[in-house]
Amino acid sequence: MTTPASPVAGAPVAGAAVVAILDIGGLDRRFVPRGTRGVVESRTSSATSLVRFDGVGAVDVDDVEIGAVSAPSPASTRG
């Protein structure tokens, strides 16, 4: 069995572009269809990230539910 994108290797960093590789959602969080793109806003624990998905908004997701699209640009990582 293969997935459409590789899971994020290690911890995704703020500003990294990601895509949902699974349908995400449930009783306690918004539904995010597979293939929806977003940007990591922050880490919320050792295994989850807060991601702002296009057309959905911010959702706390398990890192295994997202795949990397691109690394953050240098401008987005400056403090």
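Reader: Let's start with Thr48. Is that residue buried or exposed?

Author: Thr48 counts as buried, because its relative accessibility is 13% and the cut-off for buried is under 20%. Bear in mind that this is a predicted model.

Reader: Good to know. Which strand does Thr48 lie in?

Author: Thr48 lies in strand S5, which covers residues 48-53.

Reader: And what does the side chain of Thr48 make a polar contact with?

Author: One partner is the side chain of Thr44, at 2.5 Å. The side chain of Ser45 is also in polar contact with that of Thr48, at 2.8 Å.

Reader: Leaving out residues up to four places away in sequence, which ones does Thr48 touch?

Author: With those set aside, Thr48 touches Arg43, Asp60, Val61, Asp62 and Asp63.

Reader: Let me follow up on Asp63. Where is its place?

Author: Asp63 sits in the loop between S6 and S7.

Reader: Why does Asp63 count as buried?

Author: Its relative accessibility is 11%, and buried means under 20%, so Asp63 counts as buried.

Reader: Which side chain does a polar contact join to that of Asp63?

Author: That of Ser49, with a polar contact of 2.9 Å between the two side chains. Not counting residues up to four places away in sequence, Asp63 touches Pro12, Arg43, Ser46, Ala47, Thr48 and Ser49.

Reader: Nice. Let's zoom out: how many helices and strands are there in the protein?

Author: The protein has 0 helices and 7 strands. Along the sequence that reads as β-β-β-β-β-β-β.

Reader: In what order do the strands form the open sheet?

Author: The open sheet has 5 strands in the order S6-S5-S4-S1-S7, with antiparallel pairing. Its edge strands are S6 (57-62) and S7 (66-70), and each of them pairs on one side only. From one strand to the next, the twist averages 45°.

Reader: What about S2 and S3? How many bridges join them?

Author: Strand S2 (residues 24-26) and strand S3 (residues 29-32) run antiparallel and are joined by 2 bridges. Ile24 has Val32 in S3 as its bridge partner. A hairpin leads from S2 to S3 through 2 residues.

Reader: New topic: how much of the protein counts as buried?

Author: Of its 79 residues, 33% count as buried. The protein exposes about 4,800 Å², and carbon and sulfur atoms supply 56% of that.

Technical notes. Residues are numbered from 1 along each chain as its sequence is written. This is a predicted model: local features need pLDDT of at least 70, side-chain atom pairs count only at pLDDT 80 or more; totals for chains, interfaces and linings use all residues. Side-chain values use heavy atoms; hydrogens and water are left out. Two strands pair if DSSP finds at least two bridges between them. Helices (H or I, at least four residues) and strands (E, at least two) are DSSP runs, numbered from the N terminus. Axes are lines fitted to C-alpha atoms, for helices over the stretch in contact, and angles run from 0 to 180 degrees between N-to-C directions. Buried means under 20% relative accessible area, exposed over 50%, partly exposed in between (1.4 Å probe, protein chains only). A polar contact is a pair of N or O atoms within 3.5 Å; within protein, one must be able to donate a hydrogen and the other to accept it, and residues adjacent in sequence count only if both atoms are side-chain atoms. Contact means heavy atoms within 4.5 Å. Accessible areas come from the Shrake-Rupley method with a 1.4 Å probe; for residues, only the protein chains shown count as cover.
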